[in-house]
Amino acid sequence: MKIRFVCFLCLCVVTANAQRVEWGLKAGLQLSQFKGEDFLARRTASSSSNLETIRSSGKMTFGYAVGGYVRTLEDVFLQGELLLSVKGGELESSSSSNLTNLQYGQIDIPLSIGYQKNRFEISAGPMLSFKAFDDGNLKEFLSQYSNSPLTFSPYRPFTLGYQGGVGFKANKLKLGLRYLASIQGVSDMYIAYNVPGDSQLRDSRFFQKFGVLQLTAAYQLSK
């Protein structure tokens, strides 16, 4: 809550101190994926002592983002956004051809500095993402490899990231294309498991970041 308050305060300060600002609505479509380390573990229900390798399939999944923005109007501008972003990913196992589809939502707060010339612009900056919801598939998937079912969400409450892209503006409508990614893992945890014939409890790290290619349209509501 403190981090959210600081972000909100920063946006208020930028708005209050800028001589000219604009604000409006923003929405778009996006392609997202998990990007991380291979996860080695044993399925609890398996009679084999062999470990499975779990990895991101690398495939992109469709999602969307919707929210609003506020920005200054100088050639070198500052912009803040508040977006509900629905992301996803796919995991695959070395022992099966089946894919596990995952979907989760985050509140993204991108903070950008950019440069605009005529109708074109370029911008980049940091981003904070707070967990909003998830479909429960990742929790169910990882519970298969844990010595006890997970009782909590495997997604982090918030992650730090970065974003950057280009835009084109025509009157009050602006189109944008950018790439967003997390620096921290959107899921980062250790899963404990047992191997038959071995009394020692082992663990393996599950670590996945996200990458998103996003196409948006923004409409200026301010005069």
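**Briefing: buried residues and the nonpolar core**

Serine 93 is buried, with a relative accessible area of 11%; buried means under 20% relative accessible area, exposed over 50%, and partly exposed in between, with a 1.4 Å probe and protein chains only. This is a predicted model, in which local features need pLDDT of at least 70 and side-chain atom pairs count only at pLDDT 80 or more, while totals for chains, interfaces and linings use all residues. Residues are numbered from 1 along each chain as its sequence is written, and side-chain values use heavy atoms, with hydrogens and water left out.

**Overall architecture**

- The protein chain contains two helices and 11 strands; helices (H or I, at least four residues) and strands (E, at least two) are DSSP runs, numbered from the N terminus.
- From the N terminus on, the order of elements is α-β-β-β-β-β-β-β-α-β-β-β-β.
- The C-alpha trace spans about 70 × 35 × 20 Å along its principal axes.
- Of the 223 residues in the protein chain, 43% are buried.
- Among contacts (heavy atoms within 4.5 Å) between residues at least 6 apart in sequence, 69% join residues at least 24 apart.

**Serine 93**

- Serine 93 lies in strand β5, which covers residues 76-93.
- The side chain of serine 93 makes a polar contact with the side chain of glutamate 52, at 2.6 Å. A polar contact is a pair of N or O atoms within 3.5 Å; within protein, one must be able to donate a hydrogen and the other to accept it, and residues adjacent in sequence count only if both atoms are side-chain atoms.
- Not counting residues up to four places away in sequence, serine 93 touches Arg43, Glu52, Thr53, Ile54, Asn98 and Tyr145.

**Nonpolar core**

- The largest nonpolar core has 23 residues, and those with the most contacts inside it are Phe39, Leu91 and Leu142. Such a core is a set of buried Ala, Val, Leu, Ile, Met, Phe, Trp, Tyr and Cys residues joined through side-chain atoms within 4.5 Å.
- At least two residues of this core come from each of β2 (39-41), β6 (99-117), α2 (137-143), β10 (187-195) and β11 (198-220), and β10 gives the most, with four residues.
- Leucine 142 touches Phe39, Leu150, Pro154, Met189, Ile191 and Phe206, leaving aside residues up to four places away in sequence.

**Tyrosine 104**

- Tyrosine 104 is placed in strand β6 and is buried, with a relative accessible area of 1%.
- Beyond residues up to four places away in sequence, the residues that tyrosine 104 touches include Phe34, Phe133, Tyr155 and Phe210.
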